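User: I am new to protein structures. Please take me through this one in short questions and answers.

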Amino acid sequence: MKRQAYRLIASRLGLALLTLLIVSAIVFAMTGLLPGDAAQEALGQAATPEAVAALRHQLGLDQPALQRYLQWLFHIVSGNFGMSLSNSLPVSELIATRLPNSLMLAGLTTVVAVPVALAIGILSAMYRGSLLDRALNLLTLSTVAVPEFLVATIAVLIFAVNLHWLPALSYLSSVSSFSDLVRIYAMPVMTLCCVLIAQMARMTRAAVLDQLNSGYVEMASLKGASQVRIVLRHVLPNAIGPIANAVALSLSYLFGGVVIVESIFNYPGLASLMVDAVTNRDMPLVQGCVMVFCAAYLALVLLADLCQIISNPRLRQR
Amino acid sequence: MKKDTSQYGAVGAETTLEQLTAKGASRRDALRALVAAGLATVTGGGLLVASTAAHAQAKPKQGGKIRVATQSSSTADTLDPAKGALATDYVRCNMIYSGLTALDEHLGATMALATSIDTQDTKVWVAKLRPGVQFHDGKALTPADVVYSLMRHKDPAVASKAKTLADQISDVKASGPNEVTITLSGPNADFPVILADAHFLIVKDGTKDFTKTAIGTGPFKLKEFSPGVHTVVVKNEHYWKPGLPHLDEIELIGISDEAARVNALLSGDVQLINQVSPQSTGRIKGTPGFAVLETKTGQYTDLIMRNEGGITGNQDFRLGLMHLQNRDQMRQAVFQGYGSIGNDQPIAPSNKYYFAGLPQRKFDPDKAKFYFKKAGVGSTPLQVFASPAADGSVDMAMLLQQAAPLAGLNLQVMRVPADGYWSNHWMKHPLSYGNINARPTADMLFTQFFASNAPWNEANWKDPQFDQMMLAARSEPDEAKRKQIYGDMQVLIHEKGGLGIPMFLSSLDAHTSKLQGLGSIPLMGLMGGMFAEHVWLEA
């Protein structure tokens, strides 16, 4: 199994690098198609043609697109992410200050959302067709149908403005204890959970249900095993494949898709950095963020596949 | 134009009651005055509270920390005054740096780092610097700092937003141990007001790197700066204005979603916000402990009828469309009554050169019909481009469209997204909307938007007589004559121009009632960006 796992990881890494390359080229082309460029955005109303030309030359934007892309590629390979065009700070520094925040939010959301989703999915599958199943289904579908800015704004209105239980802004500089952490992250995590839980729960339910129909489950229950033991000991290891994939896909959203939550709670994460970068047409920063999101997504998908292999002895033997 | 770059506006009109009680008038004086004004129906109770409050307001408290949320903050946040583009940049730079002059509530120039600015011919200006001013690192302010700070705007590598303003300056040199002589390329009587622009704040001689540190002579010292996240400043103990600032620390953040900004204020996470939408004011005023401050600025959203050879360049058509603007309805429906009515010329009532004698153009669909017939407008639909980028323009365009059938006109509103509006749509269609931020001087507005060779001549309007009047007024030192020339120019634009200016917008700030001392400088909200040194926190 070890050799197989190594082979898988190696081939995956190779594919990942290729994917990163293709994605960077596509993003570069798309951002280049947007109207205006960093020099024009920086000068704003003061953008007379001479001023724009001078700034473009200073920023190196007057070189042809292909040359700029290859230059960027060359730098990235040696680990230099370049300088942000809008504020002359190194891109790696900008990303490094925001990445831990994004990881923290993603981590806390995962810790809350995944167990809850699994529990909901398994319970729904075990008691399928019952009132519990229908109620859980309704609950998860309605939370995913409501747009997250509405959930976030209503939560802020109730908990922060009216009850004053939680702060309206997720202010990181005031975290000094665990209870502070909980108070600050409560609403953003809750909002994100509303978005994620439904997908993971429904996938779990479908995967577990699928397994519950098979022969070995019938055998186990004839042998007298309890429902819980059947599900946890026999069904889950077989169902883990699709579940892990669903979880990985949902969690990848936590890096780049949380821009609305970051905006409403004023949370300094990577998603809002990316949006800023696009608005300012700050190419090196956009590329840097895209590389990070892409790498995170590929890592999650790799983890999901590894989970699948580990859980399935047939795949292990090969 | 975007709210982004400049900062100027019109005088706020305080009510008589506020003026009286602010001066600490006794109850008897105030009541007497109110009776005289026929306002005796105001309850005495309100007056009791107001007059005791006047005494409380008189003594600012020292100390305290506040958090301020502006409408935007991004990785383009800057510590370099030359690159300031948004309200948040102006606020930040005004906290850390000081300028030679500063604006007052009437958009005149008060002395700041300069103790006097004199001229004989409005072309050569001599500024005497205040002695004993220190930068945050202890270095004394010298003429070399002023020379560097002003001349750097002319360097294209600095990419200064005020380059066009700085091009008017041909030379700055130190002419004494505490004196600077500035020579302009042409006479300009408004120069002291131009020096009060937030881009011309004084930095240390030779500063090239503004990424991490900022040394200035302002009321606060920079403690922490993270572009797009927050700025933290602490009190400058050696500030050249004695007794100021009152606060110990200010944290500046940006919350772009307006509802989130209001929620942050109401839940106590921030103490001061700007760019409050008129729709949120009811909620804020209805919550005890919070207040809304209106600053009547000269910012306007204008209907551009661009002369491109078609019907929109026809003066009869333009007059017709101007008469189709229901100004009161626009003010009430779009801005909940905030703002002041405009008369299709760009000088706001708060500007000292405002010509009050111009008869107010009213909503008159019959007259509009007459003009349209004269112009020969058919029934083919005309497209007018509007966008959320120009405040209120979409709603104004819709109101115009609804009124158009009354005059036999067929208008189609093309609503386009805010992103890229200024590069793709503004001034690129026969009918579109623009948004011009207030400027402190009438001359700046005229030069940038109405002169024949103006860089942003929205309506493509060329009038040689106007250009002559503009140059004559710029160098005219006599105030009365200037006012007369500017009055004539306003009449000219009103009758022959190509812009429909239905109203002037107000800037709304909201704050906790504990934060006192916030005034109004008709440049922009947050006291023209200069609130930091004036405010204090009641316990």
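Analyst: Start with some terms. Two strands pair if DSSP finds at least two bridges between them. Strands (E, at least two residues) and helices (H or I, at least four) are DSSP runs, numbered from the N terminus. This is a predicted model, in which local features need pLDDT of at least 70, side-chain atom pairs count only at pLDDT 80 or more, and totals for chains, interfaces and linings use all residues. Residues are numbered from 1 along each chain as its sequence is written, while chains are lettered from A and ligands numbered from 1 in the order in which they are written.

User: Which element of chain A has the highest mean pLDDT?

Analyst: pLDDT is the predictor's confidence in each residue, from 0 to 100. Chain A averages 86, and 96% of its residues score at least 70. Among its elements, helix 14 (residues 313-317) of chain A has the lowest mean, 69. The highest mean, 91, belongs to helix 5 (residues 91-126) of chain A.

User: What share of the residues in chain B is buried?

Analyst: A residue is buried if 20 or more other C-beta atoms, placed from the backbone, lie within 10 Å of its own, exposed if 12 or fewer, and partly exposed in between. In chain A, 36% of the 318 residues count as buried. Chain B has 18 helices and 20 strands. Of its 539 residues, the buried share is 51%.

User: In what order do the four strands of the open sheet in chain B stand?

Analyst: Strand 5 (residues 124-129) and strand 7 (residues 179-184) of chain B run antiparallel and are joined by five bridges. Strand 6 (residues 169-176) of chain B pairs with strand 7 over six bridges, also in the antiparallel sense. Strand 4 (114-119) and strand 6 of chain B stand at the edges with a single partner strand each, so one side of each lacks a neighbour in the sheet. The order is 4-5-7-6.

User: At about what angle does helix 5 of chain B run to strand 6 of chain B?

Analyst: Axes are lines fitted to C-alpha atoms, for helices over the stretch in contact, and angles run from 0 to 180 degrees between N-to-C directions. Helix 5 (residues 143-151) of chain B lies across strand 5, strand 6 and strand 7 of chain B. Its angle to strand 6 of chain B is about 175°.

User: Which helix supplies the largest share of the side of chain B that touches chain A?

Analyst: Two residues are in contact if their C-beta atoms, placed from the backbone, lie within 7 Å. The contact takes 35 residues from chain B and 40 residues from chain A. Helix 6 (163-166), helix 8 (258-266) and helix 14 (421-424) of chain B each supply at least two residues of the chain B side. The largest share, five residues, comes from helix 8 of chain B.

User: How many residues of helix 8 of chain B are buried?

Analyst: The buried residues include B:Ala260, B:Arg261 and B:Val262. Helix 8 of chain B has nine residues and is largely enclosed by the rest of the structure, because the number buried is seven.

User: How far apart are the C-alpha atoms of B:Asp269 and B:Arg67?

Analyst: B:Asp269 is in the loop between helix 8 and strand 11 (272-273) of chain B. It counts as buried because it has 21 C-beta neighbours inside 10 Å. Leaving out residues up to four places away in sequence, B:Asp269 touches A:Pro167, A:Ala168, A:Leu169, B:Arg67 and B:Ala264. B:Asp269 and B:Arg67 are 202 residues apart along the chain, yet their C-alpha atoms are separated by 7.5 Å.
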